[in-house]
Each structure stands twice: as C-alpha cells, then as structure tokens.
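Biologist: I'm new to this one. Can you show it to me and walk me through some of the packing?
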Amino acid sequence: MTPRTRFLRALKREPTDTVAVGNPTSIITTDLMEQTGSYFPEAHTDADTMAQLAAAGYEILGYDTIAPYFSVQQEAAAFGCRVNWEDKEHMPTVRGHLFETPDDISIPEDYLTRPPTRAVLDALRILKRRYDDEVALIGKAMGPWTLAYHLFGLEPFLIRIIDAPDEVHAILERLMKATVMFAQAQIEAGADCITLPDHLTGDLCSAATYRDFLLPIHQQIRAQLDIPIILHICGATLDRLDYIAQTGFDAFHFDSKNDPYKTVEIAGDRIALVGHINNPETLYKGKMEQIDREVADAIQAGVAVIAPECAVPLNMDSKGLKRIVDAARAYAKGVKDDGA
Ligand SMILES: [Zn+2]
C-alpha cells in the first residue's frame with residue numbers, strides 16, 4: 001500500500017496495512033530547514049523552496065503526507081494585507097486589517113496568480129510531478145471564519161456576533177468564495193485533500209455560535225468541493241463536535257485538550273479523526289516515551305490518522321516528529337504479531 005493510498009483510505013475509515021501518519025498542518029522545524037537547505041521566509045513565497053522543504057515530511061520523517069502551505073497567511077497576503085514574512089524562527093504575521101464592512105470585501109481578479117497563492121499552487125504542481133501517486137499531497141485553504149480574523153481583525157469581527165449578526169453572515173458568505181476558489185485551484189494543481197483551518201475555538205466562541213453561523217457555511221463548502229476535507233480547529237472542541245460531525249467533512253483534526261475516547265464516541269461513523277499528539281509539552285520538550293503513550297492511546301481510541309495536534313513549534317527538535325511515525329508503526333506491528 002502506498003503512503004497516499006494508506007492515508008486516503010484512513011480518511012475514509014477504511015482498513016489500511018499499518019496506522020496512517022499525516023500532517024494536516026505544518027511539521028516544519030528549523031532543523032528540517034537546515035537538513036533540506038530550504039528556509040523560511042523564502043519557503044512561503046518561492047515554490048521550489050516551499051516544495052523542497054515540505055518534502056522533508058515524507059523524505060526525512062516518513063509521514064504519509066506532504067503539506068506545502070506552512071503558515072496561515074497566504075490568502076491574507078493575496079487579498080492585500082500587509083504581511084510580515086518574518087524569519088526562520090517565526091511564522092508570518094499579518095499587520096493591521098484590510099476591511100471595515102462586508103461591502104468592502106472584493107476578491108482580487110488576480111487572486112490565484114498573486115505570489116503568495118501562486119507559490120502554493122506551483123509547489124503542489126512540482127510535488128505532484130515528483131511524487132505522482134506515491135504520497136498524499138495536502139493542500140490548505142483558510143476557512144471564512146479565520147479569513148475574517150485576518151481581514152477584519154479579531155476583535156472587530158468577533159464583536160459583530162452580538163452587535164451585528166447579519167454582517168457576520170454576509171462576511172462569511174462572501175469570504176467562503178475565496179476559500180472555495182483557492183481550494184479548487186489546489187485540487188487542480190494536484191492536492192489529494194484540503195485542510196480547512198477555521199478557528200471558531202472554544203476559548204473565543206460558543207458551540208451555538210458554530211451551529212448558527214459557521215455550520216451552514218461549512219455544509220455549503222462541502223457541497224462545492226468534491227475532495228476529502230480535513231477541518232482543523234485548535235483547542236477544546238468537544239462541545240461543538242456533534243455539529244462539526246454534521247458538516248459532511250471527511251475528517252476533523254483535533255487538539256490534545258480533548259479526550260480521544262470521548263471525541264471518537266461523539267464523532268461515531270460520521271467523521272474520521274486526525275490528531276492529536278500534544279505540541280507544547282510532549283513534542284516541544286522531546287518526551288519520547290510520552291509520545292509513544294499518546295500515539296498508542298490515540299490508536300486505541302480509534303483515531304484514524306496520527307498527527308501532531310497543530311503546526312509544531314519551529315524551534316523544536318524534529319526527532320519527536322519522527323518518533324510519532326516509529327511509535328505508530330511499532331504499535332501496528334505489535335497488534336499484527338499478537339494476532340498472528
Ligand atoms: Zn491549530
């Protein structure tokens with residue numbers, strides 16, 4: 001079974017030869033930049049550098065996936081926001097915001113050929129040529145909720161949930177078009193699936209906000225994209241998981257703040273789960289035995305694809321990321337040997 005087949009079957013909750021390991025979000029670290037000779041910030045805007053660095057996930061770490069979009073700011077930059085691309089130790093940040101009202105939203109005519117979006121599309125084309133059907137290529141398109149944070153500013157957007165709910169609906173309707181357009185272009189460029197980060201997180205918004213504002217939008221996105229979609233929301237999400245399972249998305253990439261058994265129980269057979277190895281404690285501090293325990297726990301609970309919970313800290317040692325793969329494969333082999 002090729003890594004691509006393994007990963008895509010796992011997303012459909014079909015049997016695989018061993019446990020699938022993937023990264024819907026970035027696994028890039030500074031030591032992987034050094035090993036590939038491909039560095040931030042060039043890797044955000046230069047397609048060759050982006051493809052070269054992304055390939056480390058498969059070539060060096062042994063993941064079943066390659067995901068070339070590392071940050072969360074490519075679309076904000078393509079819309080015209082001022083983005084600071086930072087350096088090899090920091091992810092890009094957006095400065096100020098672009099829009100004040102829903103009527104301000106207009107998607108630039110050359111949205112998909114502006115350097116930050118074009119780099120992702122060209123990197124996917126390069127990777128598709130290089131790996132064909134061997135490895136699963138994961139694209140990424142920010143959902144409209146996350147785009148609204150970047151384009152309107154976090155507080156000015158969130159305050160409208162109470163002050164101007166109609167404007168929230170209008171903003172999401174309009175930004176959804178940018179999400180679908182970029183995702184569609186990535187599919188055409190060779191992506192096998194799309195990560196959709198849409199950070200309606202437990203620390204900022206209630207489950208009812210997800211149900212009333214974002215669930216209908218996610219269902220519309222689902223209807224427009226004929227490809228596996230992995231929704232990514234960090235933080236505590238158990239209280240909204242029943243709604244998330246109603247999106248029709250194939251998979252949900254979840255955080256270590258959520259108990260894997262409860263998560264799998266609520267998801268049922270409606271949505272596959274991807275996750276959820278802890279970043280700040282377990283991976284960042286390189287706790288190898290703890291990685292083994294978390295991997296085993298996730299597999300036992302029924303998590304379909306093992307992955308770090310979110311984009312990993314850039315200054316961690318990538319040995320912990322490799323350990324996830326080793327632990328998952330060893331666990332699967334142990335189960336097979338016991339059964340034999
Ligand atoms: Zn996250």
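Predicted model: local features only at pLDDT ≥ 70, side-chain atom pairs only at ≥ 80, totals over all residues.

Biologist: OK. In what sense do S1 and S10 pair, parallel or antiparallel?
Modeller: Parallel. Strand S1 (residues 20-21) pairs with S10 over two bridges. Ala-20 stands opposite Val-305 there.

Biologist: And how many bridges link S9 and S10?
Modeller: Four, again in the parallel sense, with S9 covering residues 272-277. His-276 has Ala-307 of S10 as its bridge partner.

Biologist: Which way do the residues of S10 point?
Modeller: Val-305 and Ala-307 point one way, Ile-306 and Pro-308 the other. All are buried.

Biologist: Switching to helices. At what angle do H4 and H7 cross?
Modeller: Roughly 55°, and their axes come within 8 Å. H4 is residues 47-54 and H7 is residues 115-131. That angle makes H4 oblique to H7. The crossing is right-handed.

Biologist: Which residues of H4 and H7 meet?
Modeller: From H4, Ala-47, Asp-48, Met-50, Ala-51 and Ala-54. From H7, Ala-119, Asp-122, Ala-123, Ile-126 and Leu-127. By class, the contact has eight nonpolar, no polar and two charged residues.

Biologist: What about H11 and H12, at what angle do they cross?
Modeller: Roughly 25°, with the axes within 10 Å. H11 runs over residues 165-189 and H12 over 207-224. Angles under 35 degrees count as roughly parallel, and H11 and H12 are therefore roughly parallel to each other. Their crossing is right-handed.

Biologist: Who's in that contact between H11 and H12?
Modeller: H11 residues in the contact include Val-168, His-169, Leu-172 and Met-176. On the H12 side, Phe-213, Leu-214, Ile-217 and Gln-220 are among them. The contact of H11 with H12 divides into eight nonpolar, four polar and no charged residues.

Biologist: Next, H8. How many of the residues of H8 are buried?
Modeller: Nine of the nine, in a helix spanning residues 144-152, so H8 is largely enclosed by the rest of the structure. Among the buried residues are Trp-145, Tyr-149, His-150 and Phe-152.

Biologist: What covers the buried residues of H8?
Modeller: The cover includes helix H6 (74-79), strand S4 (93-95), helix H9 (154-158) and strand S6 (193-197). H11 and H12 are also included.

Biologist: And what comes just after H8?
Modeller: Gly-153, with a positive phi of about 90°.

Conventions:
Residues numbered from 1 in each chain as written. Axes fitted to C-alpha atoms, helices over the stretch in contact; angles between N-to-C directions. Parallel < 35°, antiparallel > 145°, perpendicular 65-115°, else oblique. Left-handed = near helix turned anticlockwise from the far one by under 90°. Contact = placed C-beta atoms within 7 Å. Nonpolar A, V, L, I, M, F, W, Y, C, P; charged D, E, K, R; others polar. Buried ≥ 20, exposed ≤ 12 C-beta atoms within 10 Å, placed from the backbone. Pairing = 2+ DSSP bridges.
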